[in-house]
Amino acid sequence: MNFLFRKELNDLVPYKPGKPIEYVMKEFGLTNVIKLASNENPLGCSEKVKQALTKALDNLHIYPDGNSTDLRQALGRKFNIDVSKVITSSGSDEMVDILAKVFINHGDEVIMADLTFPRYITTTKMMGGVPVIVPLKNFTHDIKGMQNAVTEKTKMIWVCNPNNPTGTMVPTSEIIDLLENVSEDIIVVLDEAYREYVTRDDYMLDSERLLDKYPNLVILRTFSKAYGIAALRVGYTLAHEDIISNINKVRGPFNVNSLAQVAALAALEDQDFIKESFNVNKSGKEYLYKEFDSMGLEYALSETNHIYVNVNKDAFEVFDKLQREGVIIRPIKDTFIRVSIGTMEENKIFIEKLRKVLNI
Ligand SMILES: Cc1ncc(COP(=O)(O)O)c(C=O)c1O
């Protein structure tokens with residue numbers, strides 16, 4: 001057909017999610033399959049979320065609050081920030097897309113790392129922007145290199161902190177250095193999807209404190225990872241009021257559904273669940289490091305709930321063989337895979353199957 005699609009779509013490819021557990025079971029005749037591919041919380045979500053959702057089921061015929069008022073107020077209280085600086089979205093995925101629509105004109109340059117979260121490059125190209133890719137150094141964002149890549153055409157800089165897929169983080173001092181050294185008309189986005197898992201104390205857990213001094217800073221966070229409600233699609237963004245009002249022009253009027261709002265509110269209140277998730281992740285990470293060390297596999301030190309590992313064999317072949325053994329991971333590139341940290345039981349199964357597949 002001769003449909004006249006926008007030419008910006010020509011070299012985009014649809015996101016290819018991994019196969020769901022049920023499909024892998026059916027395809028390979030398996031009775032037990034574990035998924036360590038999408039950085040989900042292996043503990044599920046807080047019981048309080050389930051209770052709140054049950055109550056909310058009576059109101060499915062009513063449109064959601066288009067302003068997520070209760071949730072935004074709760075976030076404002078939690079982070080001690082004015083509610084005018086808080087906005088929610090259908091996962092932070094949606095906000096990556098909205099920010100591209102709000103800021104990127106044709107020909108604008110957008111600086112990002114290689115490797116990082118793939119939606120930054122897709123949404124840049126979608127708007128006719130020009131991705132400027134700065135290689136990672138030692139698996140970590142090269143903040144100086146990103147500063148050096150700034151030109152008069154630069155519109156945005158993406159820093160995934162900590163980074164997906166490598167798990168590495170940028171310390172507070174470098175974030176401040178970046179903000180000090182780029183002009184105010186360049187938007188600096190910190191994507192903090194994995195902040196709840198960070199163990200290092202030179203990570204800026206309260207980056208929202210920078211918003212008053214640096215109005216060009218945008219902070220993205222999500223309920224999909226440590227909070228464990230990825231299925232419901234809810235994230236939040238902290239930014240200057242002017243940025244928030246322009247986001248409001250672009251977003252759908254009811255982009256965050258009622259169940260997502262209710263669940264996020266309940267999830268936020270259960271910080272014991274977050275602590276437990278952090279602890280399970282930390283001990284899982286230590287176990288996996290020990291096993292990788294004993295197998296002689298190189299990996300990047302992770303501040304997230306996933307580890308980027310060099311399996312010294314084609315990543316896609318290893319992925320395929322592991323899948324046949326009932327373990328779904330994510331092949332990234334060359335000989336590198338990304339494995340999400342699971343429960344201890346899942347981690348042990350993964351290691352057993354990895355040893356089998358790699359013959360170690
Ligand atoms: C760095 C990063 N940002 C954003 C997202 C999107 O998360 P969600 O749309 O579920 O909030 C992910 C999900 O994997 C991610 O890894």
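**Figure 1. Residue classes around the ligand.** In this predicted model, the shell around the ligand holds four nonpolar, five polar and four charged residues. Nonpolar means Ala, Val, Leu, Ile, Met, Phe, Trp, Tyr, Cys and Pro; charged means Asp, Glu, Lys and Arg; the others, Gly among them, count as polar. In total, 13 residues surround the ligand. A residue belongs here if one of its heavy atoms lies within 4 Å of the molecule. The closest are Asp-191, Tyr-194, Thr-222, Ser-224 and Arg-233. Helix 4 (residues 91–103) contributes three residues, the most to this shell. Helices (H or I, at least four residues) and strands (E, at least two) are DSSP runs, numbered from the N terminus.

Local features need pLDDT of at least 70 and side-chain atom pairs count only at pLDDT 80 or more, while totals for chains, interfaces and linings use all residues. Numbering starts from 1 along each chain as its sequence is written, and side-chain values use heavy atoms, with hydrogens and water left out.

Figure 2. Thr-222 places a side-chain N or O atom 2.5 Å from a ligand oxygen. For Arg-233, the corresponding distance is 2.6 Å. For Asn-164, it is 2.7 Å. A polar contact here is a pair of N or O atoms within 3.5 Å. On its own, the ligand has 400 Å² of accessible area, and the protein covers 92% of it. Accessible areas come from the Shrake-Rupley method with a 1.4 Å probe.

**Figure 3. Cis peptide bonds.** Most peptide bonds are trans. Asn-164 and Pro-165 are joined by a cis bond, with omega near 15°. Pro-165 sits in the loop between strand 5 (154–160) and helix 7 (172–181). A cis bond also joins Asp-114 to Leu-115, where omega is about 5°. Leu-115 is in the loop between strand 3 (109–114) and helix 5 (119–126).

Figure 4. Most residues other than glycine have a negative phi. Phe-139 has a positive phi, near 65°. Its loop runs between strand 4 (130–135) and helix 6 (143–148). Asp-334 has a positive phi near 50°. This residue lies in the loop between strand 12 (330–333) and strand 13 (336–340).

**Figure 5. Domain 1 against domain 2.** Domain 1 covers 7–45 + 272–358, and domain 2 covers 47–270. These bounds come from an automatic or database domain assignment. The domain centres, taken over C-alpha atoms, are 24 Å apart. Across the boundary, 31 residues of domain 1 are in contact with 31 residues of domain 2. Contact means heavy atoms within 4.5 Å.

Figure 6. An unreviewed UniProt entry lists residues 32–354 as "domain: Aminotransferase class I/classII large". Such annotations may be inferred rather than shown by experiment. The span is 39% helix and 18% strand, and its end C-alpha atoms lie 16 Å apart.

Methods. A polar contact is a pair of N or O atoms within 3.5 Å; within protein, one must be able to donate a hydrogen and the other to accept it, and residues adjacent in sequence count only if both atoms are side-chain atoms.
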